[in-house]
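Here are my notes on the model, as numbered points. Please read them with the structure open.

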Amino acid sequence: MEVIIAPKARGDIASILAWTGENFGPQTLKRYAKLIATAIEQIAENPDRTGSSRRPEIAEHCRTYHLYFSRKSTGRAGDRLRQPRHFLLYRVTESNIVEIGRVLHDSMDLQANLPEEYRSSPE
């Protein structure tokens, strides 16, 4: 499936990677960047993959996928992040496009960070 990464999600990714680089160094930055890219690729291949969840309490077509579920696909054990703390907030549009709306920390309030367009049906 085609993937669209919304501007807010792109901003989330940039912020996550900047913070990771500043606080944990270039090695962890590289690992987190690879993990985010892998998770997005895997959701594009199969939006209903193990670990993804429908979230009707947030919005009708909203789904989440925690980066934790993509850890083992990023390489050998020594190159993996043990406990990633972010998840993808996404939906699949009627034209079968996976739209990544946000990449959020798992302690964030979803309702407060839900993109406005997720409150209505996908196009």
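1. Start with helix α2. Its buried residues pack against β1 (2–5), α1 (7–24), β2 (52–54), β3 (63–66), β4 (86–92) and β5 (97–105). Contact here means heavy atoms within 4.5 Å. Helices (H or I, at least four residues) and strands (E, at least two) are DSSP runs, numbered from the N terminus.

2. Basis of the values. This is a predicted model, in which local features need pLDDT of at least 70 and side-chain atom pairs count only at pLDDT 80 or more, while totals for chains, interfaces and linings use all residues. Residues are numbered from 1 along each chain as its sequence is written, and side-chain values use heavy atoms, with hydrogens and water left out.

3. Overall fold. The protein chain has three helices and five strands. Along the sequence they follow the pattern β-α-α-β-β-β-β-α. Among contacts between residues at least 6 apart in sequence, 53% join residues at least 24 apart.

4. Burial and surface. The protein chain has 123 residues, and 46% of them count as buried. Buried means under 20% relative accessible area, exposed over 50%, and partly exposed in between (1.4 Å probe, protein chains only). The chain exposes about 7000 Å², with 48% of it supplied by carbon and sulfur atoms. Accessible areas come from the Shrake-Rupley method with a 1.4 Å probe; for residues, only the protein chains shown count as cover.

5. Helix α2 in detail. The buried residues of α2 are T28, Y32, L35, I36, T38, A39, I40, Q42, I43 and A44.

6. Main core. The largest nonpolar core has 19 residues, and I36, L88 and I100 have the most contacts inside it. Two or more residues come from each of α1, α2, β4 and β5. Helix α2 gives the largest share, six residues. A nonpolar core is a set of buried Ala, Val, Leu, Ile, Met, Phe, Trp, Tyr and Cys residues joined through side-chain atoms within 4.5 Å.

7. L88 and a second core. Leaving aside neighbours within four places in sequence, L88 is in contact with residues including A39, I40, I43, Y65, I100 and V103. A second, separate core of eight residues includes I58, A59, L104 and L114.

8. D12. This residue lies in helix α1. At 11% relative accessibility, D12 counts as buried. Beyond its neighbours within four places in sequence, D12 is in contact with R102, V103 and L104.

9. Aromatic rings. The structure holds three aromatic pairs. The W19 and F24 rings have centres 5.6 Å apart and planes at 65 degrees, so the pair is edge-to-face. The Y65 and F69 rings have centres 6.0 Å apart and planes at 40 degrees, so this pair is tilted. Rings of Phe, Tyr and Trp (its six-membered ring) pair if their centres lie within 6.5 Å; planes under 30 degrees apart count as stacked, over 60 as edge-to-face and the rest as tilted.

10. W19 counts as partly exposed at 49% relative accessibility, and F24 is exposed at 53%. Y65 is buried at 0%, whereas F69 is partly exposed at 42%. Ring pairs link Y65, Y68 and F69 into a cluster.
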